[in-house]
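Biologist: I'd like to learn how to read a few features in a model. Can we go through them one at a time?

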Amino acid sequence: MAKPLELINVRDLTICESTGQMITKARNDGVELFFDRANATKACPIGEKSACCKHCAMGPCRMNVNSPYDRVGVCGATADTIVARNFGRMVAAGTAAHTDHGMAMLELFRDVISGKVTDYSIKDPIKLFEIAGSLDIVTEGRDIKDVAMDLYHELEKTYTQVEGEIPMVKRVPKKTLEHWRAAGIVPRGAMREIMEMMHRTAMGVDQDYVNITKQISRTALADGWGGSMVSTDISDILFGTPSPVEVEVDMGVLKEDYVNIIIHGHEPNLLESIIVSAADPTLKEAAINAGAKGINLVGMCCSGLEAMSRHGLPHAGNFSSTEAVLVTGAVDAMTVDIQCIQQGLQKVADFYDTPFITTNYRAKIEGALHIQLHEHEPRECTDEIVIKAITRFKTRKRPVQIPRNKATGVHGFSFEYINYMLGGSFRGSYTPLNENIINGRIRGVAGVVGCTNPRSKQDYSHVELVKELIKNDVLVLQTGCSQMALAKAGLTGPGAAALAGPGLAEVCETVGMPPVLGLGSCVDNSRILIAASEMVKVGGLGDCIADLPAAGCAPEWMSEKAIAIGQYFVASGVYTIFGHTFPMMDGTKFKKHLFEELEDLGFGKWGFANDPREMARLMIAHIDKKRVQLGIDKARERVLTDMADRRSLDATA
Ligand code: XCC
């Protein structure tokens, strides 16, 4: 039986001090948050292990979680077919989310070039020419508009192409691409791959888990090297490529005497426009006339990461804090677009009289106010949001309680900036990174990414895992809600080098970078793929991504998008560990295929661990294995973080 809610110690739910305070306040106010719902709703043990097939009306057929080969479905589908089909559909859904978002960015790009949309413009023409050049589009002596239109037509294939390889495979290391070709998994267009994935997992189609896995990889690659990558590149071209910026994070960025507006979701176009609205002299004056000192725009989740990386906008917290932030009573409007917007926000917003505003036709929420963002007239929407927020400020009904916690860190490390940072403006290059890996100062590279989840203590695994990795000289690249967990814990500033092992600390001090590099939102995981490709191309670390001393982890994942990301990293050659739960029956051949056999076939592989120290141990062991294979290993002990490390972090925070 679930423990009565009031007895759960807040410290078991989160290590985020601000969220903890707001959980306590919500309990006092009688408001239910998703932590409470997670406690009251035990995870379905059948669904958790993906042991149910409901793809036709002969079922649903339930398998025996503890003994997967005890029975088959009514049609005869085996446990392997059932788990593989369910997993494939998760990848299809995650890929659809990222690619639909990416396609929307590409359409905005087209409308900007054609002049249909005038409120946005091309902010990074250098990147535009670079990407066009990398896709063999002639740039020399040509007008920017012509190059941009050619780029649009080329990139559209990422989504709609029926046959042939997607354009971005030109950026994949040669050997990795040859390997995909041999396996028949180079993606065509995302729409085609998602369609085929859904078809093959329908009743009575593909019933060979090895064959299903191929389409799972192909679909996921259409996300990582397709929809997501195009989304990142086009967003950089339109809104600017991030470069390091110092940013304040955590709920302490809310200001009692300001009109506070939270922007939550994923697409950068809304926030680019609301930044303009909030700076409008008339609206600023309206805020002052309402008794406020000004307008305070604050990001959350991935929208927040985009705004933070490009504009240094403060960030209030990750997914698990989105309801909690409303409990402060200080939020005068929360505006959302797509993805990771919990329906529960509506009720919490209602209780605290916060206007909760949806802005994208794809994602309306019952009871929320919908103000559609039209890209040819974005200010109509964003001005109205600001006005609604000012009105709410004037009529705040409840006392405001803002947690005082704030941390400062450096964010906005794009692939391009890392190149410049390591090599300098004249010889921008990843060579120094490879050299430091070869000489052993840096042991390897880890991507720590992904969500938070009310079923695992918020931020805990992210923070403990990353501490242990850097202590062992592993450079950490971050995106998504994970990046915010580390930012709040004070590990994204250069001071965090004090927690790194001696080799990594030396490199960080020389270059002036933190040991934890925040690369942005979840679609920006594509920046990690490009960085990995560059490491292969620079040389000395093998011929393909699978050769690199690198590993990935999403310790507190919850979204289907995370599964798609995990699979595209695995298919690209990366050992990828997920934490707290994995949607698959244990003891199945399909699980063995993903967790062991894929590596023998030259791909990466999946891994699972519950404890962050175990995650670190697995990742470091893999990195060391790759170092041995590359002939660059040096015997070394794994070190554990201790109290002295904690104290030195506190001193730097
Ligand atoms: Fe997960 Fe992406 Fe959502 Fe955060 S926001 S909860 S998918 S880490 Ni992108």
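Biologist: Does D233 count as buried or exposed?

Modeller: Buried means under 20% relative accessible area, exposed over 50%, and partly exposed in between (1.4 Å probe, protein chains only). D233 comes out at 4%, so that's buried. Keep in mind that this is a predicted model, with pLDDT of at least 70 needed for local features and 80 or more for side-chain atom pairs, while totals for chains, interfaces and linings use all residues. Numbering runs from 1 along each chain as its sequence is written, and side-chain values use heavy atoms, without hydrogens or water.

Biologist: Which side chain meets D233 in a salt bridge?

Modeller: A salt bridge here is a Lys or Arg side-chain nitrogen within 4 Å of an Asp or Glu carboxyl oxygen. D233 pairs with K127, at 3.0 Å from N to O. K127 sits in helix α5 (residues 125-134) and D233 in helix α9 (residues 209-239), 106 residues apart, linking distant parts of the chain. Helices are DSSP runs (H or I, at least four residues), as are strands (E, at least two), numbered from the N terminus. K127 is buried too, at 2% relative accessible area.

Biologist: What network of salt bridges includes this pair?

Modeller: K127 and D233 are linked in a network with R171, D236, E306, R310, E416, D524 and R527. Across the whole structure, the search finds 44 salt bridges.

Biologist: Now the metal: which residues are the protein donors of the ligand's nickel atom?

Modeller: Donors are N, O and S atoms within 2.8 Å of the metal (3.2 Å for Na, K and Ca); water isn't among the atoms, so sites may look incomplete. Here they are H266 (NE2), C302 (SG) and C522 (SG), 2.3 to 2.5 Å from the nickel. H266 lies in the loop between β4 (259-264) and α10 (268-279) and C302 in helix α12 (residues 301-311), so that pair ties together parts 36 residues apart. H266 and C302 are both buried.
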